[in-house]
Each structure stands twice: as C-alpha cells, then as structure tokens.
Amino acid sequence: MSTMPVDPPALQHLLTLENLPRTQLVALLDRAQHYAGCGGDRTALAGTSVCTLFFEPSTRTRMSFQLAAQRLGADVLGFDASTSSARKGETARDTLKNIEAMGVRGFVVRHPGDGAVAELAAAADPGTALVNAGDGRSDHPTQGLLDMLTLRQAKGEDFSRLKVLIVGDVRHSRVARSDLQALRTLGSAGDAHARGIEIRVCGPRSLLPDDDTLAGCLVSDDLDAALEGVDAVMMLRLQRERMQEGLIASVDDYHRDYGLDARRLGRAAADAVVLHPGPVNRGVEITDEVADGPQSLILRQVRNGVAARMAVLDALLRR
Ligand code: CP
C-alpha cells in the first residue's frame, strides 16, 4: 500500500486550476493516485458533513463526489434544485447559508452561471470549503484533475514531450478550459532544452473561443491534419444546451467533419489514448467503436473521478 503523500499547501476552496501552482497540482494528483490505489480512508473526514449543491444536472460529478466523501467517512447531503426551496425562489446564496447553518462545512457546487461558485465562496464562512463542480462555461477543476490523473497513468509524469489534441466545442466547454490550464502547468519545459507540451485544438471556427483561452495552442479546423502523431485526443461533448442556433450547420455535418472514428484515430500515434469527459453523444463527436475501443480511457476517467475528488475533499476539509 502506498504511503499518504505530503500535504499540499492549504487551500480554502478549489474554484479553478488557473494559476494553481505546479507543486499544488502535483500534490493533488499524487494524493489522488494514492486513493486510486487504496480506495479511501473512512477516518479522514469522520464527523464532517459535505453537501452536493447542484443547480444543473449531473451524473458523474455528483455521484463521484458523494462516493468520495463517503469513502473518507464524511456525512453526505444531496441537494437537488428541482425538489428544493429554490423552486420557491430561494437564492443560491441563501440556500448555501442555510445549509451552512446546519453545520455543513464542505460544499460541492455546480451552477449554470459563470463565476457563480466564486460568488458563493465569497459569501461562505471562513471555515467552509467550496469545490467548483462546474460553473457555466468557465471552470470544472476536478474534471481537469481527473483527466490529468488519467493521462499521467497512461503516459507518465513528464508531460513536456506530449502532443495532446483537444477536439470540438471548446467555446462552451468548462472542461476544455480546466484541461488547458492543467496541461500548460504540467507540460511546461523543465529545462531550456526541453520542448514543452504541444497542445493542439481543433474544431469549427464557430465553436472556438475568441478570447485568449487558446493562447499558445496550435489551432486548426482540419481534424485529419490535427490528429497526425498525437499522443492523446481529448474529445469534447457538443453542448447543444448552451449553444445558440446556427453555430453548426447540422449534427450530421459536425460528425462528418469533427467526429472521431477508427479511421481518423489511425492518424494518431499507435499508442494514442482517447479521453472524453462524458456524457458522450455517441455517433456525434465520437463513434461507438472508438468510445468502446481499446484506446479509450473514458471509463477509467470516471473511475479516477472518485479518487481525484477524494484528494480534493481531503485537502480542503481534513482538520
Ligand atoms: N463530466 C461531467 O461533468 O459529467 P456530469 O455532467 O455527468 O457530471
């Protein structure tokens, strides 16, 4: 059994991976790897209550946080906006403050508004910890962590020589933003002779952001060319619920131009791996044969989500 990694520096909340120091990111990944190996520690958060406060749907994030908290010995409360007093007009802030008043110290929050989780964190008591479980298009830091853990297990700890391709609807993707932040941090060149990670991004221009999200990336709208020789392909879900009409001609056209099938995947390195955060639009951004094929790490990502979230809850809430 592995020994518990050294504690990372104290964090009150985890809202974003932007500007998270490399030492802290690596410490969280080391702790997640430890939990992936040992399965938990039911004494770590005994006596602590954690609430999953979700104002948007979720399967993977909510359930894996609930399991993670249970495997650390915490009491877990699930809040579902559709059956709560939010339906009567109670604000998210009042919801948080009322549950906090019951003695809950940890909140895992998903909200459709960009920056909404940071606003709630600013309203929380000093002893309360919030984890951003996805806010609007902005951040999904624990998805970024579990993706890095999965990539690290497959390709080793040195990301500086990797070629990673992110494909699809980056404009609406908080996952892509968190992945880009983490890849830049972990893939920076360790010395003057190293190249540093090569991050490629591919999608229709209408689905790529027009701000500085893609700074330093090699951007293309030609998927066949972008796939040449890459070590990892991170596919994104087409986020139709956040999309204005007209950004893509049709789902069929999108699949023809940006869908990953086995023929296209053959352009990547022979040992390339495929990731997707889920939920998967099968037959749109990825075919069944790739999603369920030998190079797919999609279910390993889901499994790693529990370990990554244990690491985060432990880092924020262990006294
Ligand atoms: N990847 C992800 O965030 O999935 P859920 O929306 O199901 O939580």
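Begin by colouring the protein chain by its domain assignment, which gives domain 1 (22-139 + 302-317) and domain 2 (141-298); keep in mind throughout the tour that this is a predicted model.

With both domains coloured, turn to how they sit relative to one another: their centres, taken over C-alpha atoms, are separated by 26 Å, and 28 residues of domain 1 are in contact with 27 residues of domain 2.

Next, select the ligand. Why does the ligand lie between domain 1 and domain 2? Both domains give residues to the shell around the ligand, so it lies between them. The space that the ligand takes up is the largest pocket.

Now show the side chains of the residues that surround the ligand, which are Ser58, Thr59, Arg60, Thr61, Arg110, His140, Gln143, Pro277 and Gly278. If you colour this shell by class, you will find one nonpolar, six polar and two charged residues.

Then zoom in on the nitrogen atoms of the ligand and look for polar atoms of the protein around them. At Gln143, an N or O atom in the side chain is 3.1 Å from a nitrogen atom of the ligand. At Pro277, by contrast, look to the backbone, where a polar atom is 2.9 Å from a ligand nitrogen, and then move on to Gly278, where a polar backbone atom is 3.2 Å from a nitrogen atom of the ligand.

Finally, display the surface of the protein around the ligand: on its own the ligand has 250 Å² of accessible area, and the protein covers 90% of that area.

Conventions. Residues numbered from 1 in each chain as written. Predicted model: local features only at pLDDT ≥ 70, side-chain atom pairs only at ≥ 80, totals over all residues. Heavy atoms only, no water. Near = heavy atom within 4 Å. Polar contact = N/O pair within 3.5 Å; in protein donor to acceptor, adjacent residues only side chain to side chain. Areas by Shrake-Rupley, 256 points an atom, 1.4 Å probe, with all protein chains shown as cover. 1 Å grid on protein atoms, 1.4 Å probe; cavity = no way out; pocket = protein on both sides within 12 Å on 5 of 7 lines; lining within 4 Å. Sits in = over half its atoms within 2 Å of the grid points. Nonpolar A, V, L, I, M, F, W, Y, C, P; charged D, E, K, R; others polar. Domains from an automatic or database assignment. Contact = heavy atoms within 4.5 Å.
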